[in-house]
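My notebook is open, and I am going through this one entry by entry. Here is what I am looking at.

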Amino acid sequence: MASAARPSCIKVGLKGPAILNNPRFNKGSGFSRKERDDFGLRGRLPYAVDTLDEQVARAYQQFSDRTNALSKNSFLQSMKSQNWVLYYSLLQRNLTEMFPIVYTPTEADAIAQYSHLFRRSEGLYLSAPHIDTMEEDFLDACEGRKLDLIVVSDAEAILGIGDQGSGGIGISSAKAVIYTLTAGVDPSQALPVTLDVGTNNEDLLNDDLYVGYREKRLRGKGYDDFVEKFVALVKKHQPQCLLHFEDFGVSNAQRLLAKYRDQHSIFNDDIQGTGAVTLAALQAAISVTKSKIEDQRIVIFGSGSAGLGIARQLRDAMKLSSSSLSDDEASRNFWLVDKYGLIKKSLGDKIREEIEPAFIRDEQDWGDGETHLSDVVKRVKPTVLIGTSTHPGAFTEEVIKEMSKHVERPIIFPLSNPTRLCEVQPKDANEWSNGKALMATGSPFDPVEIPGSKKKYIIAECNNALIYPGLGLGTILSRAKVMTDKMIVAGAKRLSELAPAMKDPAEALLPEFGGMYSISFSNPS
Ligand SMILES: NC(=O)c1ccc[n+]([C@@H]2O[C@H](COP(=O)([O-])OP(=O)(O)OC[C@H]3O[C@@H](n4cnc5c(N)ncnc54)[C@H](O)[C@@H]3O)[C@@H](O)[C@H]2O)c1
Ligand SMILES: O=C(O)C[C@H](O)C(=O)O
Ligand SMILES: [Mn+2]
């Protein structure tokens with residue numbers, strides 16, 4: 001965020017290499033003659049003074065010379081550690097092309113390879129053996145700044161690729177970059193953090209090059225004490241800072257959100273952000289089908305952080321839409337499916353404790369054995385099918401065709417990331433539904449051809465990145481003490497109003513990322 005109070009390198013008193021080695025102040029070949037004289041840079045730079053446009057053109061050429069997404073990601077990563085003005089300008093001017101490089105899906109590969117690609121640290125690594133010096137380490141990283149944003153991950157459930165240990169700093173950094181890029185959050189007031197409490201990923205534990213804390217994950221009281229100490233430090237030293245939780249394991253994610261959300265401005269992206277963006281996409285879809293949210297029959301495949309966050313958010317929206325509905329009544333519009341099939345009482349202790357009883361179906365209706373997705377779809381005849389399972393291809397031809405038999409416009413959201421984990425390729429769902437499916441995905445996909453029409457259908461990217469920057473920005477600007485459900489619903493409502501499908505049913509269910517900046521800053525109509 002533009003802030004008049006931000007210290008410049010003059011106030012900080014930097015000169016020469018200290019400026020060139022500081023990504024916040026370094027302008028590379030963009031320093032003017034006067035700046036070069038004043039800051040002892042004359043002999044440290046080649047002669048020509050470039051405009052930002054020229055610098056961006058050169059950087060774009062270097063970017064384009066890399067032939068695969070991961071090496072483009074590494075290139076941008078190193079530019080971020082050298083020159084923020086150039087890095088953000090390059091990204092901003094090429095948002096549609098570069099978003100998937102610095103974010104989903106490529107960032108997932110960069111995180112999985114973190115220990116092998118590692119060159120330079122960034123953000124704050126709070127490692128379990130250093131619990132006693134956590135305050136000192138935290139204050140060192142804050143460098144006396146009043147922060148607007150902290151993004152923290154313990155890396156237990158990175159996108160759909162699971163436990164990534166200390167590589168989790170990559171998701172905290174990527175999410176923070178998106179806040180800057182699409183909502184103007186000042187990167188010097190944002191801090192990515194990883195809580196390195198060990199890893200249960202055997203590949204990492206056995207990798208000689210692993211850069212993290214090589215022990216099994218802390219659990220129970222040890223884990224809770226570690227997180228408690230961290231949150232207490234944020235509350236004490238950064239009382240006005242938004243604390244964004246990302247990619248924690250499902251049980252910790254839910255528990256920590258419930259524990260801390262009334263104590264500080266806390267946001268869990270996988271639960272609340274995903275719930276909100278999915279609500280926005282669904283509002284757009286039901287404006288196309290001209291139906292009401294409380295009349296939907298919704299099957300959610302994969303009942304972890306995202307699946308449960310979506311279920312709650314959509315249920316709340318049903319209650320807002322139809323005030324006579326009770327929690328229980330609204331919950332009956334959902335069928336949650338997970339590894340053991342439909343979540344029903346007879347599954348007993350296979351049902352995770354985070355799943356509210358109201359969402360658990362009665363086995364009297366469904367029998368004792370496991371009930372698979374295809375059986376659920378056959379019987380429920382859902383209007384909406386959402387995938388948050390990390391199970392690629394789970395929405396088979398049989399499932400999509402069965403769904404399409406019973407509803408005119410099946411609403412199908414395969415949301416698992418990265419791309420290779422998506423529950424169904426949009427091209428296939430389009431074909432199997434004879435061009436009737438209203439679709440949105442978690443990762444970016446190409447548009448599909450509608451059979452018998454020359455028009456292409458744009459697949460909306462239903463990714464929480466479409467909403468958390470704007471929500472966060474509002475929270476930061478208003479210095480909100482907590483992030484309430486009402487704030488999240490207002491964000492989802494505004495986002496759905498901006499959906500192209502609201503104006504033309506043949507258009508996408510959500511706005512494109514290329515226009516994100518204006519989305520984050522848009523006011524309610
Ligand atoms: N589009 C978005 O904005 C968005 C947001 C959050 C998460 N996601 C994606 O959703 C997926 C899940 O994320 P999460 O944070 O909820 O993870 P999670 O680990 O909390 O939940 C995953 C759930 O899927 C279940 N599951 C695993 N394999 C399954 C299978 N074969 N069949 C049925 N269920 C299965 C697990 O038991 C678990 O309940 C990831 O791929 C993630 O990238 C997308
Ligand atoms: O990171 C993303 O692309 C979205 C989401 O938070 C996820 O975990 O998949
Ligand atoms: Mn996530």
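**Strand pairing**

I started with strand β10 (residues 411–414) and β11, which run parallel and are joined by 2 bridges. Helices and strands here are DSSP runs numbered from the N terminus, helices being H or I with at least four residues and strands E with at least two. I count two strands as paired if DSSP finds at least two bridges between them. I412 stands opposite M439 in β11.

A note on the ground rules: this is a predicted model, in which local features need pLDDT of at least 70, side-chain atom pairs count only at pLDDT 80 or more, and totals for chains, interfaces and linings use all residues. Residues are numbered from 1 along each chain as its sequence is written, while chains are lettered from A and ligands numbered from 1 in the order in which they are written.

Together with helix α21 (residues 426–432), the two strands make a right-handed β-α-β unit. Right-handed means that, with the strands pointing away from the viewer, the path from the first strand over the helix to the second runs clockwise.

On to β14 (residues 460–461), which runs parallel to β11 and is joined to β11 by 2 bridges. T441 has E461 as its bridge partner in β14.

**The whole sheet**

I then traced the order of the strands: 7 of them form an open sheet, β8-β7-β6-β9-β10-β11-β14, with mixed pairing. The edge strands are β8 (341–342) and β14, each pairing on one side only. Over at β8, I found 2 bridges to strand β7 (residues 334–338), and these two run antiparallel. V337 stands opposite L342 there.

I call a residue buried if 20 or more other C-beta atoms lie within 10 Å of its own, exposed if 12 or fewer, and partly exposed in between, with C-beta atoms placed from the backbone.

**Ligand 1**

I listed 28 residues around ligand 1, of which G160, G304, A306, N417 and G442 come nearest. A residue is near a molecule or strand if its C-beta atom, placed from the backbone, lies within 6 Å of it. By class, this shell has 9 nonpolar, 16 polar and 3 charged residues. For the classes, Ala, Val, Leu, Ile, Met, Phe, Trp, Tyr, Cys and Pro are nonpolar, Asp, Glu, Lys and Arg are charged, and the others, Gly among them, are polar. Helices α15 (269–289) and α16 (305–321) each supply at least two residues of the shell.

Why does ligand 1 lie between two domains? Domain 1 (51–248) and domain 2 (272–463) both give residues to its shell. The domain bounds come from an automatic or database domain assignment.

I also checked I271, which lies in helix α15. I271 counts as buried because it has 26 C-beta neighbours inside 10 Å. I271 and G304 are 33 residues apart in sequence and 8.9 Å apart in space, C-alpha to C-alpha.

**Ligand 2**

Around ligand 2 I found T104, L159, D247, D269, D270, N417, G442, N463 and N464. This shell has 1 nonpolar, 5 polar and 3 charged residues. Ligand 2 also lies between domain 1 and domain 2, because both give residues to its shell.

Most residues other than glycine have a negative phi, and most peptide bonds are trans. I looked for exceptions. L159 has a positive phi of about 40 degrees; it sits in the loop between β2 and α11 (169–183). L159 is buried, as 23 other C-beta atoms lie within 10 Å.

The peptide bond from T104 to P105 is cis, with omega near 10 degrees, and P105 is in the loop between α7 and α8. Another cis bond joins N417 and P418, with omega about -10 degrees; P418 is in the loop between β10 and α21.
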